[in-house]
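Please keep the structure open while you read.

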Amino acid sequence: MAPQQNPPVATQPQVQQPATPHLAVVVLDPAHGGADQGARGSWGITESDVVLSFARLVRISLEGQGLRVILTRQANDDPSFDDRSKLANAQRGVIFVTLHVSSTGQPGTVRVYSLPPDTTTGSSPRGGLVRWDHAQSGFVDSSRRLAELIQIQMAQNFRGSPEIPVAAAVRQLRTIAAPAVAVEVSSVSQPDRKPLDQMGPALADGVARAVAAFRTVYESGGK
Amino acid sequence: MSRALKTTIAIFAALLVVGLITLPSLRRGLQRMNGNPRSEQQARREVMQVPISTPTDVNVQAQMYWLSPSSPATLEATPIQLPLSADPVERSKQLLIALIAKAPAPERRTLAADATLLAFYIQPDGVAIADFSDELSTGTPSGILSEQLAVDSITQTLGANVPGIRQLKILIHGQEAETLSGHVDLSGLFPVSSPVPANVPAAPASGGSAAKSGGAPAKSVPAAPAPPPKKSQH
């Protein structure tokens, strides 16, 4: 291959300002799956099942806003933490939402988590490269903002939910190079799955509203 | 009937009687053996759960972080009287063993009842390493909330009662685990905020050592002034 010639200095393009960030993709992660059922209730409700049905509902709500939605799993399989992260990190203009159901907590409530800043200590990027296992380090603030917006919606839709999100060292979030949050519904520890299923539409609506609000923040450069 | 046959029948009859007499106790013995298989871990747990005593033990009011009885998604500081060593490593072991064993009620527990602390070290830079048995992982209810509360109960209990610990690394059976029970990341260090109570000497870290059992009885002194109970919201 012939070496490319540099254009004359006078005709070199100016260094372009970063394009206005455009939020186009939401990667939804129904956690666990396959042999890993996640939290399991005494009456047989499994986290991996419930989150898959939640993810399908959230997808519909987000697609209604013109966003492209990618699920990290479509069925009862179990991609690794890193496989899920790869899927998100390969996208541009993306946010990541991992969905969970706990085995504790007041049933009918929802908590939203983002990674605390100190979990990514020592991750200062060098030469524009960020270590894979600290990929979240540059997005802690925007993740926190997204978590706040979703938590507000959850507090409005589900009585008893906190109004402020919590920082927690959620493993899945650490390797995501984009705004990323975990949404955890309480809980699998109830005899009947119906109340959980009934939370699905309000959960999907709340996430979609929060993402719409975040989109404005994201596309204005966080201001 | 021949004499030999009579003798044989008599011997069998005697054996039968002896068998019938000893059968119940044999059965009880077998049931005991089946119902109580002593694994290596159980044996270790029995040894480890013996309270640690050191010559510098002093009875103090320790602040233990268990689930709040009124709001189970939060931790609440609960003061209890504990004999605690002046040595930070031994003191930390005493606290973590108490955190597992002395929960006021099952619903306030943050760590699995059958988990044991296998080792504890404090590095000179203030990074503590706590090595727990597998039961910490297998016995913690799966979920971000419950796993984070488990970790927070450890870091807040250490922070409130042991000076000089800045960060905590949690190992499971000597190994770095990816998560506690599927959610919370154990690969990093957890921050420990460490207010220094007035009565606790900031002794230098003595490094890891095997848990000592027995030894000098705890000295009894007036309880230390305790900070007001505080809740950590989740």
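What follows is a set of questions about reading a model, each with a reply.

Q: What should I know before I start?
A: This is a predicted model, in which local features need pLDDT of at least 70, side-chain atom pairs count only at pLDDT 80 or more, and totals for chains, interfaces and linings use all residues. Residues are numbered from 1 along each chain as its sequence is written, while chains are lettered from A and ligands numbered from 1 in the order in which they are written.

Q: Where in chain B is confidence lowest, and where is it highest?
A: Look at pLDDT, the predictor's confidence in each residue, from 0 to 100. Chain B averages 80, and 73% of the residues score at least 70. Confidence is lowest in strand S7 (residues 231-232) of chain B, with a mean of 54, and highest in strand S4 (residues 127-132) of chain B, at 98. Over residues 196-230 of chain B, pLDDT stays under 50. The model as a whole scores ipTM 0.87 and pTM 0.78.

Q: How many helices and strands does chain B have?
A: Helices (H or I, at least four residues) and strands (E, at least two) are DSSP runs, numbered from the N terminus. Chain B has five helices and seven strands, and from the N terminus on they run α-α-β-β-α-β-β-α-α-β-β-β.

Q: Is Arg108(B) buried, partly exposed or exposed?
A: Count neighbours: a residue is buried if 20 or more other C-beta atoms lie within 10 Å of its own, exposed if 12 or fewer, and partly exposed in between, with C-beta atoms placed from the backbone. Arg108(B) is partly exposed because 17 other C-beta atoms lie within 10 Å. Arg108(B) is found in the loop between helix H3 (88-101) and strand S3 (117-122) of chain B. Across chain B, 37% of the 234 residues count as buried.

Q: Which residues does Arg108(B) touch?
A: Two residues are in contact if their C-beta atoms, placed from the backbone, lie within 7 Å. Not counting residues up to four places away in sequence, Arg108(B) touches Trp66(B), Leu67(B), Pro69(B) and Ala103(B).

Q: How many residues does each chain give to the contact between the chains?
A: Chain A gives 22 residues and chain B gives 18 residues. On the side of chain A that touches chain B, strand S4 (110-114), helix H4 (171-174) and strand S6 (180-185) of chain A each give two or more residues.

Q: At what angle do helix H3 (residues 140-157) of chain A and H5(A) pack?
A: Axes are lines fitted to C-alpha atoms, for helices over the stretch in contact, and angles run from 0 to 180 degrees between N-to-C directions. H3(A) and H5(A) pack at about 145°, with their axes 8 Å apart.
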